[in-house]
Amino acid sequence: MDEKKLLFSARDITKSFYGTQALKGVDLDVYEGEVVGLIGENGAGKSTLLKIIIGVQPQSSGEMTMHGKPFAPSDPMEANREGIGMVFQEQSLIVNLTVGQNLFFGHEKDFSHLGFINWNKMYEESQKVLDEVNCGNINPRKKVLDLNFATRQMVEIAKVVNVTKSGHDDQKCLILLDEPTSVLSEQEVQNLFTEIRKLTAKGHSVIFVSHRLDEVLEISDRVYVYKDGQNAGNMPIAEATEEKLYAAMVGRETTTEYYHLDEQGKAEDDVVLETRDLGLSGVFKHCGIKLHKGEILGIVGVVGSGKEDICSVICGDLKPTSGEIYVKGKKVSYSSPSQALDDGILMIPKERLVEGIVRGLSVAENIALSNAEKLSEHGVVSKGKINAQADEWIDKLRIKTTGRDAELISLSGGNQQKVVFARALASGAEIIILNHPTRGVDVGAKEEIYELIRNVVAEGKSVILLGDTLDECIGMSNRVIVMKDGLITGEFDADADNKPSQVSLVSLMM
Amino acid sequence: MENVSTTKEKRDWKKTLQQNYSFLVVILMIIIFTILEPSFLNSRNVTNLLSDSAPLMIMAAGMTPVLIMGSIDLSLGSMCSAANVLMLQLMLKMQPSIENPYIIFLLAMLLTLLFGAFGGFILGAIQVKLKVPSFIASLAFMSVWDSVALLISQMPVKIPKAMKMTTNWYKIQLGPIGLPLIIAVGLTLIYHFVMTRTAFGRGIFAIGGNERAARIAGIRVDRYKITVFVLNGVCAALGAMFLLVKANSSAPTVGEAFTLMTISAVVAGGTSLVGGSGSLVKSIVGVFIISIIKNGMNMVGVNVYWQKVVYGIIVLLAVTISTDRTSRSRIVK
């Protein structure tokens, strides 16, 4: 390593959003001509770090250097000038423009004369750029719309290589790839790797982020592991094995008190919800789930495993394309969440601001959102009942607010989430789907929410839990289902005294 | 600390003004027009002004929940035109077979209201089922109802002499206030009660505030949306009936001006185009603002064609004043 030149380094980078710390001080070194793998669970801080490096958002503290000089980009353009380019998780090409137009998007001036663009010249240049990354077979005059995803990915990489090299041909670049293989087939992945190796042979470097450990092991020279926004390991590829990486990603084991394990009860035998061979075309299939009375059923899996979509189907937000759902033995089919609520199923959604709360309404109104109809007498809802209900829940859940009439948006994240909880509890639903109930909530409030969930099931209600972390999901659940690529790949009992290990779950997730 | 409190007071003062500016505007308008034309405040003109505002108020009552819900209806005026000519043609058709003119009137009115409900249902259902934004869906229906009105009758038609007495109720006065306005205010207040005190009404506010959250929380979003548009259609048809009775004749373009006037009135009253907030009581004030401006401009002698310019400016002004630009919510229709 020593004889190689340091290209980029990040020291003690931290980042906090609205009080939650996404990064708690991570380091990263990249030498010229190497591929650095970066792995970690969802929310470990990988994407956050990449966004800081490319200049989409600034770090809260910490230093970065590029080419040995201090580096603090204020926007991606500045990062590009320093030789850093990124292929984003979401494809950033404009699909109704041609490949060439995309490659030189924002640089049309270089080809214009008296305000008119010389398209031929642009397409000639485009061909050169594509040749450079060995994609000469792509026609730059084709619309991106007409290309498959793998080819688009290559165009995207070509674009990044081009912008980072513009002006200084001998400048060494750093290319950031965020989950580049998720849409690629086996063969396409190999092609991508070939291209990456060509880039590194020229002295350029790559940071490669992926959920697929085998790929990381294959392409990387060194691997960094992040966990909960901190360094959890850094090893040359020769020392790394899948087991070692899993162990590093997962870290500490469950703590008993945190999840109120002593309060974990036994589920009853009655099945309140069952899915048979449930499927949503292209997302998940053959899913059979049984939820018992008084049970917390955890579902784990990486993003895109289908766990979120199963919940959307069960709560009536999406219609399944195959299979059946039974609630208390009765076959059901929902076309909207309101129908599911009639059967006592309600979801607490993941994106609180987008799906969970109504900003302009007060705390009391938000709590009454799901049960206003039940509160009404002869169609009229009395303000007194709404207020009494609000006071009851504010007291019960210790919601910190200036009053029931305060606008919900003025509360802290944890307290907003408690309001959403209060709504679910007040609705009388007996099957509550918790989609990341502790997302964006600080530690103290988290513990209160855990206690709340324990109380809910103690009353005989049932919960499906998509945890914010694996640890949380295992700690809280009576049973855990593992999903991968739309299929259930495992099921574990998780009694209080016999929790499955995270490593055994992770190996089925990836 | 002192500084903080003064800025806070300033903000509170500004907020109070933002919330209640419509009352100030009414008073200001009255003062301005009285100075320009002293006869503006004489009893005959006031009576006129008040009775003129009845059809607009009914349509504003229908439109307010549509805007609160975060939707818009650009076909309102066209629906009004179509309902207007339809009702008169129905009366003419029934004349030979039914003797009692009052029964004819009531039947024709009922069928016209049903037509309004039907139109609103189609408009709502298209948005909900085909996921077409209300702006586009209602723009399309604007064209449809305009044509329907002209297909039913191209020319203004008078109510036959034999049925004139059915329109007498429109002239009943209780002091300066006419029966039409009393009906309009009464219906608006009933709708106001529905919006503030029923699960349906609260649901409409929630949909306007965050439709996605409302749906996930189990509110019957689709049903509520369609219902609001049905009621809006009924209000448009009822407004059309008022216009028919008031003018004693039908006209296929009678509603044309009402789309913009109604939206102006609701927005001037203080209902947000972003959705999620507003009130029918505020819309009553908004209707008076528009009526005073319309009447005042006529009194002062402003060209009719210039009046539309004024309504356009009112919408922009009202939106600018009432929009909280610190929030990130944008008006997307």
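Q: How far apart do the C-alpha centres of domain 1 of chain A and domain 2 of chain A lie?
A: In this predicted model, the two centres lie 35 Å apart. The domain assignment of chain A gives 6-250 for domain 1 and 255-338 + 460-510 for domain 2.

Q: What makes residues of domain 1 of chain A count as in contact with domain 2 of chain A?
A: Two residues are in contact if their C-beta atoms, placed from the backbone, lie within 7 Å. By that cut-off, 11 residues of domain 1 of chain A are in contact with 11 residues of domain 2 of chain A. Helix α8 (residues 242-250) of chain A gives the largest share of the domain 1 side, four residues. That side divides into five nonpolar, four polar and two charged residues.

Q: What makes W145(B) a buried residue?
A: A residue is buried if 20 or more other C-beta atoms lie within 10 Å of its own. W145(B) is among the buried residues of α5(B), as are F141(B) and I152(B), and therefore meets that cut-off. The buried residues of α5(B) pack against α3 (76-94) and α4 (101-130) of chain B.

Q: How many residues of chain B are in contact with chain A?
A: 21 residues of chain B are in contact with 27 residues of chain A. The largest share of the chain B side, six residues, comes from α7(B).

Conventions: Residues are numbered from 1 along each chain as its sequence is written. Chains are lettered from A and ligands numbered from 1 in the order in which they are written. This is a predicted model: local features need pLDDT of at least 70, side-chain atom pairs count only at pLDDT 80 or more; totals for chains, interfaces and linings use all residues. Domain bounds come from an automatic or database domain assignment. Helices (H or I, at least four residues) and strands (E, at least two) are DSSP runs, numbered from the N terminus. Ala, Val, Leu, Ile, Met, Phe, Trp, Tyr, Cys and Pro count as nonpolar, Asp, Glu, Lys and Arg as charged, and the others, Gly among them, as polar. A residue is buried if 20 or more other C-beta atoms lie within 10 Å of its own, exposed if 12 or fewer, and partly exposed in between; C-beta atoms are placed from the backbone.
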